[in-house]
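Welcome, and please have a look at the model below before reading on. The briefing then goes through it topic by topic.

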Amino acid sequence: MPDQVLFAMEVTLNGLMAGVLYALVALGFVLIFKASGIFNFAQGVMALFAAMTLVGIMEGQVPFSHLINATFGTDIHHFGWQVPALLAIVLTTGVMVVLAWCVQRFVMGHLVNQEPIILFMATIGLAYFLEGVSDLMWGSEIRTLDVGLPQGINETIDAFTYDLFGYGFFIDNLDIVASVIAALLVAGLVVFAQYTKQGRAMRAVADDHQAALSVGISLNFIWVLVWSIAGFVALVAGIMWGTKSGVQFSLSLIALKALPVLMLGGFTSIPGAIVGGLIIGVGEKLFEFLLGGLMGGATENWFAYVLALLFLLVRPQGLFGEKIIERV
Amino acid sequence: MFYREAGDFKTSYRADSQTFPIRFDRYRYYVVLAIAFLVVPFIINDYWANAILLPFLIYAIAAIGLNILVGYCGQLSLGTGGFMAMGAYACYKFMTAFPDLSMFINVILAGVVTAIVGMLFGLPSLRIKGFYLAVATLAAQFFLVWLFNRVPWFYNYSASGQINAPQRTMFGVEITGPLAPAWATYLFCLVFLTLSALIARNLTRGSVGRKWMAIRDMDIAAEIIGVNPLRAKLSAFAVSSFFVGISGALFFALYLGAVEVGEAFNIQKSFLILFMVIIGGLGSVFGSFAGAAFMVLLPVALKVVGVDLLGWPTDTVAHFQLVIVGALIIIFLIAEPHGLAQLWRLAKEKLRLWPFPY
Amino acid sequence: MTKKLTTLALGVMLAAGPAMADLVFPSLSYRTGPYAAGGIQFADGYADYLTLLNERDGGIGGEKIRMPECETAYNTEKGVECYESTKGEGALVYQPLSTGIAYQLIPKMNVDKIPMLTSGLGRTSSKNGDVFPYVFNFPANYWDGASVIVKHILDQEGGDLNGKKIALVHHNSAYGKEPIRTLEALSEKHGFDLTTIPVDHPGQEQKSQWLQVRRERPDYVILYGWGVMTPVAVQEAANIRFPMDKMIGIWWSGSENDVLSAGAAADGYKAVAFHNVGSDFPIYDDLKEYVYDAGKAAGNGDQHGTTIYSRGLYAAMLVAEAARTAQEMHDTKAINAQQMRDGMEALEITEERMTELGMPKFGPEFKVTCRNHGGEGYAAVTQWDAKAKQWTLITDFIQSDQDIVQPLIEEDSAAYAAENNIPSHCD
């Protein structure tokens with residue numbers, strides 16, 4: 001096979017993997033939007049906050065140590081213990097649940113029935129708040145996150161494709177792990193939504209708030225639940241991206257990567273987030289490979305949006321979004 | 001007591017439909033204008049101009065522009081940063097290509113170019129709505145920034161890709177470049193802001209504005225009663241981008257003087273201006289002023305209190321600033337979802353009847 | 001509208017700050033935002049050195065130093081605010097540590113008559129003091145950095161680069177695009193192929209770029225990254241098994257932050273630096289005695305000895321020496337910004353002086369003149385040892401290819417002078 005075709009195949013495969021990572025972030029948006037109609041801008045910062053908390057717990061760091069030291073003149077930084085990764089993940093999940101409860105209790109609970117743009121704005125406020133809190137809690141230095149995920153080129157695929165085509169494909173082990181985890185996560189969510197009582201309640205709320213309320217489902221509880229799940233998804237996304245680049249402020253910017261995915265897949269569809277992620281991942285990587293050189297490179301940021309825009313012109317509700325029916 | 005309409009009779013339609021129908025309101029407005037034009041220029045210094053007043057004036061123009069689109073026409077846009085960049089680069093190209101052209105015309109032309117580009121990016125709004133449209137306008141944001149970073153023609157092939165505002169004078173006084181005195185840049189921006197506010201105010205209460213609001217409230221219903229959505233939406237995009245383009249040009253030429261597109265006009269700028277519009281109050285010209293003042297002053301005030309008065313480390317203050325800004329946004333939304341403009345309206349209502357509310 | 005009035009009242013109160021006779025060195029730092037990791041280290045180093053001078057020597061020449069700190073978050077608008085709010089306090093010199101803010105301030109410096117030092121950043125052609133009398137960028141600039149990297153590669157390859165391929169992976173901003181012109185000139189001179197691969201801010205996702213590197217198999221990769229872009233680039237390079245010792249970063253891509261997250265895979269990665277690194281210098285004894293143990297360390301006090309912390313120390317040392325020079329020149333202790341500028345223009349850093357200061361071989365020797373505000377363009381190559389978790393200098397200070405760099409500086413500064421009608425300062 002000619003080199004260009006092989007390269008394109010390699011790029012496509014990598015695009016698929018990148019797409020899974022985008023989808024992971026987009027998933028958090030979809031969950032909350034579906035259940036409460038809130039476009040949660042804070043999703044990216046939640047990933048940052050989760051990853052920071054995870055590292056902090058693992059290293060046994062004292063939260064708010066700056067503040068404590070500044071006020072009381074003490075000099076404490078660490079508890080002096082190390083927490084194993086798995087336990088730390090469980091603890092961080094706990095923190096995210098508490099966060100979800102707080103968000104519902106102190107913010108969203110007061111804003112029920114407001115217009116979508118007001119809710120959107122509130123999540124932006126939340127994003128600021130959370131960013132400040134996570135900086136105050138854990139400091140703004142760059143942190144290394146290592147929960148034992150493998151990284152680097154996958155030898156098996158490299159060797160296999162080398163035998164097959166005479167050119168070894170590069171696939172990152174971390175990406176493979178991320179895909180598997182994302183697949184498990186989605187499968188888990190589907191099972192949860194289809195076969196458990198809470199899951200069914202969640203779907204009922206997503207379908208119609210009033211009707212759900214009238215059959216005795218607690219909206220409050222469901223919303224806390226949804227925010228908790230979104231928090232957990234943010235944690236998973238935070239771990240994946242944090243392992244790649246270290247945990248620091250820029251982690252919150254991954255939300256921007258998820259927006260075109262959302263547009264493409266539709267705001268209300270979990271399969272849409274996955275398929276949209278894959279399309280965006282492959283599309284932007286292939287475009288960069290084929291035309292990026294001609295256009296001077298670094299096209300990925302805008303191409304994802306333009307691709308999604310073109311898609312929307314054909315289907316204004318996204319790939320899998322609910323059909324918009326308008327009545328006067 | 002001192003603020004009421006009793007005895008304030010109108011004898012003509014003209015008088016009845018003026019911008020500030022209540023006499024006290026009108027006089028207050030004249031006083032503010034007089035102070036802004038006649039007093040402030042004499043007491044202004046570099047710090048006040050560059051740290052607070054210029055950003056306030058320029059952001060207020062941008063907020064008025066975005067408010068027309070979001071608040072009056074209901075089209076959520078996150079491309080403001082990109083359109084500001086368009087204005088800045090258009091202004092730069094005009095400034096360098098026609099050195100003798102008056103700066104005033106340069107800025108207007110930059111606005112016109114941005115309006116055309118804005119209309120182009122507004123086309124999808126005919127099919128895409130709500131948050132989908134918001135994300136779609138991000139395409140404009142990212143594409144424009146990439147374009148200005150990528151194509152050397154826009155930055156006149158300079159080595160680093162930065163653009164620097166050359167020196168230009170008006171009536172013999174420098175208004176761009178490092179030698180420009182604070183009062184001159186301030187007055188120049190103030191003139192633009194006053195004109196923008198006047199135009200915006202009169203557009204929004206005329207037939208154009210009513211069409212926009214009809215589209216905002218329900219576009220299908222509006223179409224049925226005879227509002228052409230194509231013209232209404234595109235005109236909103238054009239007018240909005242015109243103001244945003246002007247603010248971008250001023251932001252570059254008068255305020256910063258040197259700009260790197262990826263840093264000065266990134267996505268954060270789009271969000272910042274959207275915050276101003278929402279915090280200030282959607283669909284209100286006064287709200288744009290209030291929102292811009294709030295977002296410009298709050299960080300400075302917090303810094304002054306935290307660092308200068310309390311003596312805290314700057315990083316802790318910066319972190320607290322995020323927490324406080326975030327918390328304030330949330331508290332505002334919970335207390336008054338319709339922004340500062342609504343608070344102002346309520347205050348006015350109360351004042352009108354005070355001290356005999358019933 | 002009424003808001004405007006109240007703020008006005010507030011501002012009048014603020015503007016009337018006291019004018020003190022101290023030596024004022026404002027620090028426009030960034031301890032938050034996307035580039036906080038580097039900003040914290042620099043700010044700590046800068047502050048600790050000045051604190052040491054105050055505690056040990058009672059300031060410079062007996063005059064106390066005051067360092068108002070102002071947070072910019074690497075944002076040009078906040079930078080302007082910081083500049084305007086500190087310049088009235090009698091600021092002697094600015095070191096913004098941000099190319100964007102530096103560009104902003106360059107024209108203002110001429111008007112306000114305050115010097116600015118942009119070591120290893122900012123506008124490269126400001127080396128030409130004839131056009132930029134108030135801007136200094138000693139001891140080295142971006143173009144020097146690119147040239148020194150190529151010189152090091154030449155050394156590695158035995159002096160011949162014909163037919164070799166070098167890729168520049170750069171941050172897609174003013175900063176990242178700086179070296180392209182120099183590298184193009186160098187590629188003509190030495191006959192290597194140059195590919196430029198831009199990465200957009202923030203640079204979290206660089207798969208495409210590194211797949212391209214993998215396909216094109218360049219012999220060397222030059223990295224101009226900043227912020228999160230660098231650790232991701234190092235990680236991706238390790239993933240595609242690009243040999244780490246053939247990847248060389250500029251000084252802003254060569255700190256601990258950039259390599260720690262890649263772990264052992266980053267071992268052998270190189271970067272240039274215009275100053276020495278590590279905490280193995282006599283000055284650290286003094287720092288420990290007077291600053292750290294006295295509880296006066298800036299920030300968390302956990303950055304001592306890191307690369308960018310060393311850069312902060314070095315930057316503070318340079319301006320302190322310049323202030324001393326100015327004091328001697330003008331025979332006054334309380335110098336003003338104008339005199340500070342003269343001191344910077346007459347600055348001479350010798351090995352002898354650095355040893356005296358407890359910083360032997362900490363940086364190159366150089367002498368500033370009216371026409372040369374940028375030193376001789378010396379930089380050294382450092383290499384990362386992942387096991388010991390430290391950077392070490394592996395070469396002496398190498399001089400950049402002045403035949404290439406100097407004409408480019410002349411050309412660019414001449415264009416600037418023509419565009420802005422700047423008269424010659426030195427004649």
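How many bridges join strand 14 of chain C to strand 15 of chain C? Four bridges join strand 14 to strand 15 (residues 390–393) of chain C, and the two strands run antiparallel. Please keep in mind that this is a predicted model, in which local features need pLDDT of at least 70 and side-chain atom pairs count only at pLDDT 80 or more, while totals for chains, interfaces and linings use all residues. Residues are numbered from 1 along each chain as its sequence is written, and chains are lettered from A and ligands numbered from 1 in the order in which they are written.

**Strands of chain C**

- Helices (H or I, at least four residues) and strands (E, at least two) are DSSP runs, numbered from the N terminus, and two strands pair if DSSP finds at least two bridges between them.
- In the pairing with strand 15 of chain C, C:Q383 has C:T392 as its bridge partner.
- The hairpin of strand 14 and strand 15 of chain C has four residues between the strands, and C:K389 takes a positive phi near 55° there.
- Strand 14 (residues 378–385) of chain C also pairs with strand 11 (residues 270–273) of chain C, in the antiparallel sense over four bridges; here C:V381 stands opposite C:V272.
- With strand 16 (residues 398–399) of chain C, strand 14 of chain C forms an antiparallel pair over two bridges, where C:A379 has C:I398 as its bridge partner.

**A buried lysine in chain C**

- C:K151 belongs to helix 5 (residues 142–156) of chain C.
- C:K151 counts as buried because it has 20 C-beta neighbours inside 10 Å (buried is 20 or more other C-beta atoms within 10 Å, exposed 12 or fewer, partly exposed in between, with C-beta atoms placed from the backbone).
- Not counting residues up to four places away in sequence, C:K151 touches C:I398 and C:D401 (contact is C-beta atoms, placed from the backbone, within 7 Å).

**Helix pairs**

- In chain B, the axes of helix 3 (residues 46–72) and helix 10 (residues 229–256) come within 8 Å and cross at roughly 165° (axes are lines fitted to C-alpha atoms, for helices over the stretch in contact, and angles run from 0 to 180 degrees between N-to-C directions).
- That angle makes helix 3 of chain B roughly antiparallel to helix 10 of chain B (under 35 degrees is roughly parallel, over 145 roughly antiparallel, 65 to 115 roughly perpendicular and the rest oblique).
- By class, the contact of helix 3 with helix 10 of chain B has 20 nonpolar, three polar and no charged residues (Ala, Val, Leu, Ile, Met, Phe, Trp, Tyr, Cys and Pro count as nonpolar, Asp, Glu, Lys and Arg as charged, and the others, Gly among them, as polar).
- In chain C, the axes of helix 7 (residues 179–190) and helix 15 (residues 402–420) come within 10 Å and cross at roughly 140°, so these two helices are oblique to each other.

**Where the chains meet**

- Chain A gives 42 residues and chain B gives 39 residues to their contact.
- Helix 5 of chain A supplies the largest share of the side of chain A that touches chain B, 14 residues.
- That side of chain A divides into 30 nonpolar, nine polar and three charged residues.
- The contact of chain C with chain A takes 33 residues from chain C and 32 residues from chain A.
- The side of chain C that touches chain A has 16 nonpolar, ten polar and seven charged residues.

Terms used. Contact = placed C-beta atoms within 7 Å.
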